[in-house]
Amino acid sequence: MRIFAVAAIVLALMSSAVRADDLVVYGAGSLREAIGQIAMEFGHSHGLAVTTQFGPSGRMRERIEKGERADLFASADVGHARKLVEEGRASVMAVFVRNTVCLLSPAKFGATAETALDKLLAPGVRVGMSPPKVDPLGDYTERLFGLMDRLHPGGGAAMQARAVILDTPPGAPPPKSGDTDTDAILDGRVDASIVYCSSRDRYARLLPDATMVQFPPELQIGPEYGLAVLKDAQPAALLLALTILSPEGQKVMAKQGFRPVALPSD
């Protein structure tokens, strides 16, 4: 955290000299609303044009590795951000927010906090999940299946075996609804889907009759998000990273359904 504090002081002194180039932010798809809002407000406050692009963290990292320019990378896990640091492509990485996972399902599925696990374990139920390795949510879901298997030996493995991988690879037509999980539920390809709880407002718009149920504590897998400042990034990138970690930025994250990591205790 000290490096962010030092950066804030230096950038405050040189704010009038900040370059006018676009500040480029790559982020996980689940951060579209929260980071999008913070980046837009940051740009307005500092007279900068901030460009944001969002997608599965693994694919966004690969785009950076292939030479695409980004100043700041916000991943839905720590691993992808840390890899950029280990490769020498990023100068620093920090955990900046946490999330939880929920079960998204149509009302007819009948899932509640008390019945969600039994509903999923029922024979023939098809659950949608993000692709592991490409999207951290897929990795978190695999860990969720592992915890389910401990509670119900064989049940988690059986559920993973009949899970439906939901993905929109580069070049494929975009989802009709704008969301892959929503399309799969509406088309009847899955009975329910594993999603981030922070997406509650998004799914309330896309699937107003659906329910989102948070898994009980014994099935929580604690998604942690990593923020990396790329090498040769504009100086303002470090200030934007600090803004995301500031109380104001963390309040935006909390309002969007995330679990902040840097809010002061009142």
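Me: Which residue forms a salt bridge with Lys 176, and how far apart are the closest N and O atoms?

Reply: In this predicted model, the partner of Lys 176 is Asp 187, with 3.6 Å between the closest N and O atoms. Lys 176 sits in the loop between β7 (164-165) and α8, and Asp 187 in the loop between α8 and β8, so the pair ties together parts that are 11 residues apart in sequence.

Me: Are Lys 176 and Asp 187 exposed or partly exposed?

Reply: Exposed means over 50% relative accessible area. Lys 176 has 72%, so Lys 176 is exposed. Asp 187 has 43% and is therefore partly exposed.

Me: Why can such side chains pair?

Reply: Side chains of opposite charge can pair when their charged atoms come close. Another case here is Asp 191 with Arg 126, a salt bridge at 3.4 Å, N to O. Asp 191 belongs to the loop between α8 and β8, while Arg 126 belongs to the loop between α5 (116-121) and β6 (127-129), so this bridge ties together parts 65 residues apart in sequence. Asp 191 is partly exposed at 22% relative accessibility, and Arg 126 is partly exposed at 32%.

Me: Which strands hold Arg 98 and Glu 224, and how many residues apart are they?

Reply: Arg 98 and Glu 224 form a salt bridge, their closest N and O atoms being 2.9 Å apart. Arg 98 is in strand β4 (residues 90-98) and Glu 224 in strand β10 (residues 224-230); the pair links distant parts of the chain, 126 residues apart. Both ends are partly exposed, Arg 98 with 28% relative accessibility and Glu 224 with 29%.

Me: How many salt bridges does the structure hold, and which residues do shared partners join into one network?

Reply: The structure holds 12 salt bridges. Bridges that share partners join Arg 61, Glu 65, Lys 83, Glu 87 and Arg 89 into one network.

Me: Turning to pockets, how much space lies in the largest pocket, and which residues lie nearest its centre?

Reply: The largest pocket holds about 810 Å³ of space. Its lining has 33 residues, and Gly 29, Gly 55, Pro 56, Asp 135 and Thr 180 lie nearest the centre. Elements giving two or more residues to this lining are β2 (50-55), α3 (57-65), α8 (180-186), β8 (192-196) and α9 (200-206).

Me: Which element gives the largest share of the lining, and what is the make-up by class?

Reply: The largest share, 5 residues, comes from α3. By class, the lining has 14 nonpolar, 9 polar and 10 charged residues.

Key. Residues numbered from 1 in each chain as written. Predicted model: local features only at pLDDT ≥ 70, side-chain atom pairs only at ≥ 80, totals over all residues. Heavy atoms only, no water. 1 Å grid on protein atoms, 1.4 Å probe; cavity = no way out; pocket = protein on both sides within 12 Å on 5 of 7 lines; lining within 4 Å. Points joined across faces, edges and corners; volume = space filled by probe spheres on them. Helix = DSSP H or I, 4+ residues; strand = E, 2+ residues; numbered from the N terminus. Nonpolar A, V, L, I, M, F, W, Y, C, P; charged D, E, K, R; others polar. Salt bridge = Lys/Arg side-chain N within 4 Å of Asp/Glu carboxyl O. Buried < 20%, exposed > 50% of the residue type's maximum accessible area, 1.4 Å probe, protein only.
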